[in-house]
Amino acid sequence: MKISNYLLATVKESPADAEIASHKLMLRAGLIRKLASGLYSWLPLGKRALSKVTNIVREEMDKSGAMEICMPVVQPAELWMESQRWSQMGPELFRLKDRNDRNFCLGPTHEEVITDLVRNEYSSYKQLPAIFYQIQTKFRDERRPRFGIMRSREFIMKDAYSFHINQESLNETYKVMHETYSNIFFRLGLNFRSVAADSGSIGGSTSHEFHVLADSGEDEIVFSADGKYAANIELAEANLESPNKEEVKNDFSLIDTGAATSIDSITKLLRVDAKKTIKTLIVHGEDKEGNISNSLVALLLRGDQELNITKAEKLKGVYSPLKFASDQLISEQIGVAVGSLGPKDLDIYKIADYSVEGLCNFVCGSNTDGKHFTDMNWSENCSYDEIADVRRVQEKDTSIADRCPIEIKRGIEVGHIFQLGTKYSESMNASILDSNGKTTLMQMGCFGIGITRLLASCIEQNHDEKGILWPSLIAPFHLIILQIDGHKSADVIPVSESLYNKSLTLNIETMLDDRDKKTSPGVKFAESELIGIPHRIVVSPRTLKDNSVEHTNRQTGKETRVCLSEIEQFLKETVITE
């Protein structure tokens, strides 16, 4: 492709609203252009790279035995009402009506559509297992689109769905999909982690996320240094030693603490370590139907620990989404201000985190304003009703797998796989006949990759101060030839054209920067580095003086003079073999 006939839409400065590297570079390198908030057009350079990412995903999905289909973007509300998600989904679900006033939505995902398709096409266990996938545009009306295509309203996603006669079959396909996803991210050269995760609004039980490690990631992931344990921060568990379980238990004392109510102020006043304190958090419970209730629940944590909201929301009897009780409600029902709450004689249901299980001689609120207990210990009057893991793990903790130290890194979620079980097949009556002729609900799996987000994640991990450093497999072009000062030497243009044609003959995806003298050499060099083409060859009067050209490897910065007589072999060995 000759740049003189190509839309190379680079810009020097990053737009003011671009916050992360991939967003800045994709705009500056002319990969995308913003149309409206969360909506982007893909320009030629970006579309080429996006197509290559898509092809890698498609190749690996085809190897897994999945069948590619394409389902409508616009979905009828009736299907979503069957699954009960029409009312459950919030404003992210973009709803619309047709001319006959019928309700539809723009598909953010396709569980309902694929379930409807399969329940009408499949009737026997002999047809299973079956895996279908599509690569298609999705739409979610994000409240706050940000980070360019990383969190946009319209995006391209690969979503796959599997159907099974039993759990054993689902488990087998789940393993295949996990391996398939790992292969995709390995091929893209990404530093990633697979972590146990929460299923969220999709539903189901077993779930894993795939995260590309990057400082710009919105999620935190936890993993052990030896790689034997990994989980999303929302689900992560870890070992935490008690700081004083070997101490001799003392008699408790009631101490005036005045206006000191926070853990920080109490520890400073009493000169104790936060590890030897207990904080009491009061949240709303739920009634038998799962609705919010004014029955309160106390969550007890060690003072140096933080509550993990996702874990707390999964506790039986605790309302989800988690809602903390107001100061007024606490005062009305318990008769004390928030900063003086404690487990002793607290007459509501109490759930203790494991961090307080072995604690002794601790400090806690006394349920009397302005007073705290010191040297308190668990007893008949100071107890809890249930113990559970409700804390947020920290880097000082050790892995539950083998007590190896854990690390917490930021990650960009690029893939998510779920075992849905019968969540959708039950609500939508997707059944088949088993080997005994009995009607049986199909087990389902769901497997998604954000294609556009995946491309941005590649850039987050592959860039420098000059621009993008494309991995070879997804680079929009593999070679760029810079034609420098063609007006100063009669040989520059014909040599450049000859080299360009030779590269095309060798099936090397090549750009030729054949712009005239109005485009300075400095601009050509800067743009070639910004757009990140892996290999650059410069043809100029200076190089041609000794009948050679100059090659630069974008990844390493290494420069090599290559004789024209050896250029074809050099291209075969350096560019093609990559």
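In this talk a residue is called buried under 20% relative accessible area, exposed over 50%, and partly exposed in between, with a 1.4 Å probe and protein chains only. The model is predicted, so local features need pLDDT of at least 70 and side-chain atom pairs count only at pLDDT 80 or more, while totals for chains, interfaces and linings use all residues. Residues are numbered from 1 along each chain as its sequence is written, and side-chain values use heavy atoms, with hydrogens and water left out.

Let us turn to the aromatic rings. Rings of Phe, Tyr and Trp (its six-membered ring) pair if their centres lie within 6.5 Å; planes under 30 degrees apart are stacked, over 60 edge-to-face, and the rest tilted. That rule gives 13 aromatic pairs. In one of them, Tyr-174 and Phe-447 are tilted, because their planes stand at 50 degrees, with the centres 6.4 Å apart. Helices (H or I, at least four residues) and strands (E, at least two) are DSSP runs, numbered from the N terminus. Since Tyr-174 belongs to helix H6 and Phe-447 to strand S25, the pair ties together parts 273 residues apart in sequence. Tyr-174 is buried at 6% relative accessibility, and Phe-447 is buried at 0%.

A second pair, Tyr-181 with Phe-185, is edge-to-face, at 6.2 Å between centres and 85 degrees between planes. These two residues are four apart in helix H6, and therefore about one helical turn separates them. Tyr-181 is buried, its relative accessible area being 0%; Phe-185 is likewise buried at 0%.
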